[in-house]
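Thank you for making time for this; I would like to walk you through one structure this morning. Please have a look at it first, and then I will begin with a question.

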Amino acid sequence: MEAAAPSYKGFRYPAEIIAHAVWLYHRFPLSFREVEELLLQRGVIVSYETVRQWCARFGPEYAAGLRRRGPVKGGTWTRSS
């Protein structure tokens with residue numbers, strides 16, 4: 001059984017922006033300020049502190065999902081003997 005999606009009710013930004021910011025932080029070795037700058041380049045004005053709060057609230061679920069997926073056996077980037 002899959003866990004319920006996190007609730008974004010009451011947040012100023014759409015769920016897609018919050019999810020993208022949290023995904024960027026947990027997927028790549030970026031700081032909160034770097035995520036802020038990447039979002040600013042896309043026209044989203046948000047502070048690094050807001051990104052930090054989103055990551056603290058929604059991050060564990062996203063990080064667990066990234067760890068669960070893992071590499072695909074026989075994929076293009078895996079080494080076969």
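Which residues form one aromatic cluster? They are Tyr 8, Phe 11 and Phe 58, and I will come back to them once the outline of the chain is clear.

Before that, a word on what we are looking at: this is a predicted model, in which local features need pLDDT of at least 70 and side-chain atom pairs count only at pLDDT 80 or more, while totals for chains, interfaces and linings use all residues. Residues are numbered from 1 along each chain as its sequence is written, and side-chain values use heavy atoms, with hydrogens and water left out.

The protein chain has 3 helices and 0 strands, where helices (H or I, at least four residues) and strands (E, at least two) are DSSP runs numbered from the N terminus, and along the sequence the pattern reads α-α-α. Of its 81 residues, 21% count as buried, and here buried means under 20% relative accessible area, exposed means over 50%, and partly exposed is what lies in between, with a 1.4 Å probe and protein chains only. Contacts, meaning heavy atoms within 4.5 Å, can also be sorted by separation: among those with a separation of 6 or more, 54% are accounted for by residues 24 or more positions apart.

Let me turn to the inside. The buried residues of H1 are Ile 18, Ala 19, Ala 21, Val 22 and Leu 24.

Now to the rings themselves. The whole structure holds 5 aromatic pairs, where rings of Phe, Tyr and Trp (its six-membered ring) pair if their centres lie within 6.5 Å, and planes under 30 degrees apart count as stacked, over 60 as edge-to-face and the rest as tilted. Tyr 8 and Phe 58 make a tilted pair, 4.8 Å centre to centre with 40 degrees between the planes, and this pair links distant parts of the chain, since Tyr 8 is in the segment before H1 and Phe 58 is in helix H3, 50 residues apart. Both of these residues are buried. Tyr 25 and Phe 32, by contrast, form a stacked pair, at 4.4 Å centre to centre and 15 degrees between the planes, and Tyr 25 counts as partly exposed because its relative accessibility is 26%.
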